[in-house]
Every structure is written in structure tokens, then in C-alpha cells.
Amino acid sequence: MSERQPNLELRSQSETEVVIVHNHPVHYKDLLFTELKHRGLRFHVIFVGRNRGHALAPIKALSHDYEYSFSSMALFERRHVIPTVTGCLRVLNRIDPRIVIIGGYSYSAAWASWAWARLRRRPVIFWGESNECDFPRVWWKEAVKGYFLRSCARAHVYGTTNKEYLVKLGMRAADIVIKRAVLDVDAFVPWGAKSFAFEKKNVFLYVGRFAPEKNIPAVLRAIKEVSRRRRDTQPLLVLVGGGPLEPELRRMVRDLEMDPQVMFAGVHAQAELPGIYRAADFFVLPSTCEPWGLVANEALACGVPVIVSDRCGCARDLVTPSTGWLFSPSDEGSLVQAMERALTTPPERLASMKREARQLGCQYSTTLCAEAVLESIASVAGGEQRAGGPPG
């Protein structure tokens with residue numbers, strides 16, 4: 001079955017200076033794009049695909065405050081290479097931007113946009129969210145990524161481990177800007193209504209997909225062990241989300257006789273999440289592979305201390321002794337210990353951690369991210385970096 005042909009007509013073509021090539025619509029990027037428009041940046045977003053097939057909930061509507069188009073209306077994983085690349089290049093040729101921002105290097109439209117910028121001698125800004133530890137790395141693929149990156153004028157990343165990976169690939173540290181992830185800090189707040197009312201205290205919360213890399217079975221086993229060791233606390237684990245692993249997780253709960261200690265809360269809309277976080281005492285992100293982990297930002301902004309795997313990109317930037325606890329996903333005993341430390345933290349210390357969590361969460365506002373992006377674009381537009389790579 002052939003792809004539906006996308007509508008590539010632009011709503012406005014006046015003085016567009018920047019084109020942003022992005023894989024597919026994402027709620028938090030939509031917030032950033034809206035803020036950039038309000039700040040006066042003249043840009044157009046090319047979405048390569050409509051959405052990801054495994055997304056828990058589709059993006060219902062994009063903001064109409066900024067210009068965007070789709071190079072393919074297929075799901076991101078099901079797009080066809082030739083029409084997607086052709087559609088992307090058609091928009092680039094029509095707009096002819098001064099600067100091209102490319103989100104990632106793992107899809108064909110990104111490389112086509114990079115090649116277009118090289119041929120037109122336009123500077124490229126790379127948006128990266130990967131860490132070296134995300135997957136096993138192959139030397140020749142790393143060399144290709146390095147070639148891509150070394151021709152970019154700047155790179156924007158979420159945090160420390162993202163930056164370190166790009167440096168290892170060969171990009172200069174001075175050319176990498178930590179713009180931070182984007183969070184709607186006005187929506188995710190510690191005050192307001194709670195979505196759940198629990199009879200138990202000591203509520204541990206997980207929010208996200210139920211997929212193998214999320215390592216949820218380890219959390220179930222850890223809750224079981226903590227309950228065995230500390231019969232006076234009997235913690236409750238609330239799982240919010242869904243995915244392919246859900247039937248296996250439900251069987252595991254039954255086999256371990258944990259029904260009173262685990263609540264499957266289902267999939268919830270973005271607007272409902274703040275009230276869910278506020279009902280929890282601690283948030284757990286146990287992933288074995290996580291480029292960043294925006295759910296940890298959401299929890300912190302709601303004043304919830306976090307327990308985070310050290311394989312998550314956000315770990316070194318978000319988890320401090322004042323905001324939570326780190327553990328190794330390869331050592332389930334360390335997760336048990338982190339949970340026990342959380343449960344035995346004195347109330348006055350927990351109150352302080354909640355305040356620190358909120359303060360750190362607010363540093364990931366849309367405003368601060370937009371300021372970092374705009375400052376970097378201005379420096380590139382001012383000619384501080386080479387356009388499209390070194391002169392021939």
C-alpha cells in the first residue's frame with residue numbers, strides 16, 4: 001500500500017531563516033517551537049513522519065503558531081525513503097534557509113538535509129539526545145557519525161552524557177551547547193489536585209511504556225524484596241502506561257503474589273500526569289537504555305524525589321543527594337538499597353528534597369531552553385562558525 005502524499009504547501013514563506021528537520025511531532029518539542037516563534041525566530045519545521053507507532057498517545061494537535069509541514073504522512077517507522085527524502089528536499093529548496101537544524105542522524109531525511117546544507121554552504125546545527133551507553137557501538141558507524149558531526153557548526157544536547165558522547169565522536173566541546181530538556185513547568189507543579197487517593201503511604205510511581213528496555217520486572221522484584229525486609233512499610237508500586245510487556249508483567253505480579261502491592265493505572269493523557277505525580281512519594285525510572293528520561297523531569301517539577309538508573313541520560317544532571325538516588329540496573333540489589341534509603345529518609349529531609357526537586361525541575365523550562373537555542377543560532381548566523389563545513 002502506497003503512502004499518502006503529504007501536503008508540502010507552506011502556510012507562509014516570508015523571511016524564513018531556519019529550517020528544523022525533526023523526526024516526528026513530540027509534545028515537548030511543540031512547546032519549544034511555540035516559544036521560539038513567540039521569541040521572533042523565523043523558522044519552519046519539517047516533520048519526517050506523523051508519529052511513532054509505539055507512542056502511548058498520539059499528538060492530538062500541533063500548535064498553529066509556527067510553520068510546519070510533513071515530508072511523509074506515514075508513521076515514522078513505516079515511511080518510505082524516496083518520497084520522504086524528496087519531500088524534505090522540496091521544502092528546503094523552496095525555503096532556502098540560512099541555517100539548517102537537524103534532529104538526529106539515524107534516518108535518511110537527516111542525511112539528505114545535511115547534504116543539501118553542505119552543497120549550499122549553509123551552517124548545520126545538530127540536535128543530539130544519544131549516549132554512548134545506549135547501545136553496543138560499531139566502529140565504522142561511529143566514524144560515519146563523527147564525519148557528520150565535524151561538519152556541523154554547533155550541537156545542542158540535553159545534558160552531560162549527551163555532550164560527552166559527541167566529544168568522543170570528534171566534535172569540539174566548545175561547539176556543543178547544553179540546552180536542557182523542555183518541560184512545561186507551569187503545568188507540572190507540586191500543588192493542586194491528586195489523581196489518586198491511596199490508602200497506603202510509601203507510593204513508588206513509574207510512568208512510561210511497558211517495554212523490555214524499561215526494566216520494569218526489576219522494580220517488581222525489588223518491591224517484593226523491600227516488602228519482605230520491611231514489613232512495617234509495605235510500599236505500593238503504581239504503573240502508569242502500557243505496552244507490549246503488560247501481559248507478562250501482570251502474570252509476574254500474580255506469580256509473585258503481589259496483587260495488593262502493585263496497581264496498573266493504565267494510560268493517561270499528558271494533562272492528567274501532574275496529578276498522578278503529586279499522588280506519589282517517589283518516582284522510579286529503571287531503564288537499561290534511556291537517551292534522557294523526561295518523566296524524571298516531570299516528577300522533580302512536581303516535587304517528587306526520584307530513583308533513577310545510571311544508564312539514563314538524565315542521571316548525572318538530575319539526580320543528586322538532594323533530589324534522589326542512583327542505582328545500577330545490572331545490580332538489582334542496588335535498586336533495593338535505593339528504595340530502602342528512600343523509605344528510611346527522615347520526614348524533614350524528604351521535605352527538603354521535595355523543595356530541591358522542584359527547584360531543579362524549574363531549570364528545564366521552555367523559556368530557558370529557547371534562550372539557549374536562540375543564542376546559539378545567533379552566534380552561528382553571525383559567522384562565528386564555518387558554513388556547511390570547512391572551505392574547499
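Q: Over how many bridges do strand 8 and strand 9 (residues 236–242) pair in the parallel sense?
A: This is a predicted model, so local features need pLDDT of at least 70 and side-chain atom pairs pLDDT 80 or more, while totals for chains, interfaces and linings use all residues. Numbering starts from 1 along each chain as its sequence is written, and side-chain values use heavy atoms, leaving out hydrogens and water. Strands here are DSSP runs of E, at least two residues, numbered from the N terminus, and two of them pair if DSSP finds at least two bridges. Strands 8 and 9 run parallel, and their bridge count is 7.

Q: Which residue of strand 11 (residues 282–285) stands opposite Phe 204?
A: Strand 8 also has a parallel partner in strand 11, joined by 2 bridges.

Q: How many of the residues of strand 8 are buried?
A: Buried means under 20% relative accessible area with a 1.4 Å probe, protein chains only. Strand 8 is largely enclosed by the rest of the structure, because the buried share of its residues is 7 of the 7.

Q: Why does the pair of Phe 210 and Phe 264 count as edge-to-face, and at what angle are the planes?
A: Rings of Phe, Tyr and Trp (its six-membered ring) pair with centres within 6.5 Å, and planes over 60 degrees apart make that edge-to-face. There are 25 aromatic pairs by this rule. For Phe 210 and Phe 264 the centres are 6.3 Å apart, and the pair is edge-to-face because the planes sit at 75°.

Q: How many residues apart in sequence are the parts that this pair ties together?
A: Phe 210 is buried at 1% relative accessibility, and Phe 264 is buried too, at 19%. Phe 210 lies in the loop between strand 8 and helix 6, whereas Phe 264 lies in strand 10 (residues 262–266), so the sequence separation of the parts is 54 residues.

Q: What is the angle between the planes of Tyr 68 and Phe 70?
A: Tyr 68 and Phe 70 are both buried, and they belong to a cluster of linked ring pairs that includes Phe 33 and Trp 127. Their edge-to-face pair has 6.2 Å centre to centre, with a plane angle of 90°.

Q: What is the average pLDDT of the protein chain?
A: pLDDT is the predictor's per-residue confidence, from 0 to 100. At least 70 is reached by 90% of the residues, and the chain average is 90.

Key. Buried means under 20% relative accessible area, exposed over 50%, partly exposed in between (1.4 Å probe, protein chains only). Helices (H or I, at least four residues) and strands (E, at least two) are DSSP runs, numbered from the N terminus. Rings of Phe, Tyr and Trp (its six-membered ring) pair if their centres lie within 6.5 Å; planes under 30 degrees apart count as stacked, over 60 as edge-to-face and the rest as tilted.
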